[in-house]
Amino acid sequence: MTLDDRSTEPRCPVVDFDHNSAAHAEDPVGSYRRMRAAGPVVRSTRHGGFWVLTDYDGVFEAARDDQTFSSARCPYGGDGLATVIPKTPVNHHIPVELDPPEHRKYRKLINPLTSPAAVEHLRPAIEKYTTWFIDQVIEAGTCDFATVIGVPAVVTIDWLGLPPADWERYAHAHHAALSDLPGTPEFEHAISVEFPWMEEQLRAAIAERRVRPRDDVLSHLVGSEVDGRPVTDDEVFAMAELLISGGVGTTASLVSQTLMYLDRNHELRRTLAEHPEKLPRAIEEFLRVFSPTQALARTVTRDVEFYGHDFRTGDRVLLGWASANRDPKAFDDPDTVDIERWPNRHTAFGMGVHRCAGAHIARALSVEMLGQILCRMPDYEILHDRVVPFAHQAVNPGWKRIPARFTPGPRIGPTAGNARPFSI
C-alpha cells in the first residue's frame, strides 16, 4: 500500500494542513482545534504527506515509543534536521537526533549541566543579564520586547563559554532558520552565511578548550567520555549547537507570548505583579497554553498499526505538543488560562527520553524575566499595530518586533552608561 493509496481509507481523515503556512500562523490555536475535531490521527497532504497526532494520549504514546517513532536523522523526508517537517538544512544535533541506547550516553553528559543544582549556580547570570537588558530601556519609557527577551540567548552563549557580545548573531540566525520562509533573503542569509560563521566560531572555541580548558560548558563537554573514549570535536559541536538552538528560541517564545497575553489581561497581570510567588506555578500554565515548542517530528521505523491506522516504514509524523496541551480530554476547560491549575502535566517540554534537558533553565529564565518586567514595567502597553510576527509559527511562535511603552523608571544594575556587562 502506498502513501497515496492510504489517503483513500475512509477511516483516515485527510486534511490540507500545513503548520508552516501563513493561514496556520494567523491562528495556530484554531488550526490545531480543527485538527483535533478531525480526529486524534489525521493525514496531511503537504510536504509529501505526513501524519499529525492531535490528542494528548496519542502524542504521549508516540513520544515514549522511540523504537517505532524515531528522532534519528534518516533519509526519509529529505536531508536536514529530522525533528521538523519539512526538514531544515542545519547540522546534526546530539542527542535529540539519537534514539536509545545511543541517546542515553550523550544525555548523561548534559544532564549535570542543566540539573536544578546547576541552575542555582546560573541564577546570578540570569539576574545580571535580565537587569542589564531592562536597564537599557527603562529610562526611555519605550522598548522592543523582542530585543529585551534576548536574555536567554546571551545567557546560553555565555554559559557555553562563547563571547556573549555575539548573542544577537546566534539568536537571529536560529530564528531565521526556523521562522523565516525558505527562499527569503533572511532564511538564505542565515543558512549560507550565519550558520557557517557560527560553526567556525564554535569549532575554534572547541579546539581552544582542548588546549586550555576553562570553567564552562564547552570545556565540560570537551573533557567528557563516551564508551570509554574521549568525545570527539564533532560530537561536542553537535551537542553545543543543540544547546544554542534550544537556548535562543524556546524561552523567548514563552515570555513573548505571555507578555502579549498579559497586555490584554490586566487583572492577571496585576495579580502576578503583586504576588510574584505565584509566578512559578503560573509559568507551568503558560507553558501549557502557549506551548513554546508547538510540534516536533518523528519517523516511523517499521510497519505498524497505530490508533487504527496503517503506518509504514519511513512515514513522517508530527507530534502536536500544542494540540495535546489543549485537548479537552486531558485538561478541564483547556482554553482558559488558570494559573492555579495543578497538577499540570503539559507536554511543553516534550515527553519520554527526549524531554527537554533545559527545562529547569527555561523555568528559571522565565520567572526572572517576567518577574522583573512586571515589577519594573507594570503598566507596559504593547503597540499592536506595530507588532511584526514571525512568518512561521510552526516550531517556536513569536514576533520579530514587539514595540511597547511604559512609565519610565530608574536603572538598578551596577553597569553604568551603555557599557555591556559581558565582563562582569
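This is a predicted model: local features need pLDDT of at least 70, side-chain atom pairs count only at pLDDT 80 or more; totals for chains, interfaces and linings use all residues.

Strand E5 and strand E15, which covers residues 403–405, pair in the antiparallel sense over 3 bridges. That pairing belongs to an open sheet of 3 strands, in the order E5-E15-E12, with antiparallel pairing. The edges of this sheet are strand E5, residues 142–144, and strand E12, residues 381–382, each of which pairs on one side only. For anyone new to this, strands of a sheet pair through backbone hydrogen bonds, either parallel or antiparallel.

Let us turn to strand E2, residues 41–44, and ask which of its residues are buried on each side. Val 41 and Arg 43 are buried on one side, while Val 42 and Ser 44 are buried on the other, so that both faces of E2 are covered. Strand E1, residues 14–15, pairs with E2 in the parallel sense over 2 bridges, and here Val 15 has Ser 44 as its bridge partner. With strand E3, residues 50–53, E2 pairs in the antiparallel sense over 4 bridges, and Val 41 stands opposite Leu 53 of E3. The hairpin of E2 and E3 has 5 residues between the strands, and in this hairpin His 47 takes a positive phi near 50°.

Now for the helix. Helix H9 has 13 residues and reaches 18 Å from its first C-alpha to its last, which is close to the 18 Å expected at 1.5 Å a residue. Its buried residues include Trp 167, Tyr 170, Ala 171, His 174 and His 175, and the buried residues of H9 pack against helices H6, H7, H8, H10 and H12.

Two packed helices are described by the angle between their axes and the distance between the axes. On the H9 side, Tyr 170, Ala 171, His 174 and His 175 take part, and they meet Glu 241, Ile 244, Ser 245, Val 248 and Gly 249 in H12. The residues of this contact divide into 4 nonpolar, 4 polar and 1 charged.

Conventions:
Residues are numbered from 1 along each chain as its sequence is written. Side-chain values use heavy atoms; hydrogens and water are left out. Contact means heavy atoms within 4.5 Å. Ala, Val, Leu, Ile, Met, Phe, Trp, Tyr, Cys and Pro count as nonpolar, Asp, Glu, Lys and Arg as charged, and the others, Gly among them, as polar. Two strands pair if DSSP finds at least two bridges between them. The expected span of a helix is 1.5 Å times one less than its number of residues. Buried means under 20% relative accessible area, exposed over 50%, partly exposed in between (1.4 Å probe, protein chains only).
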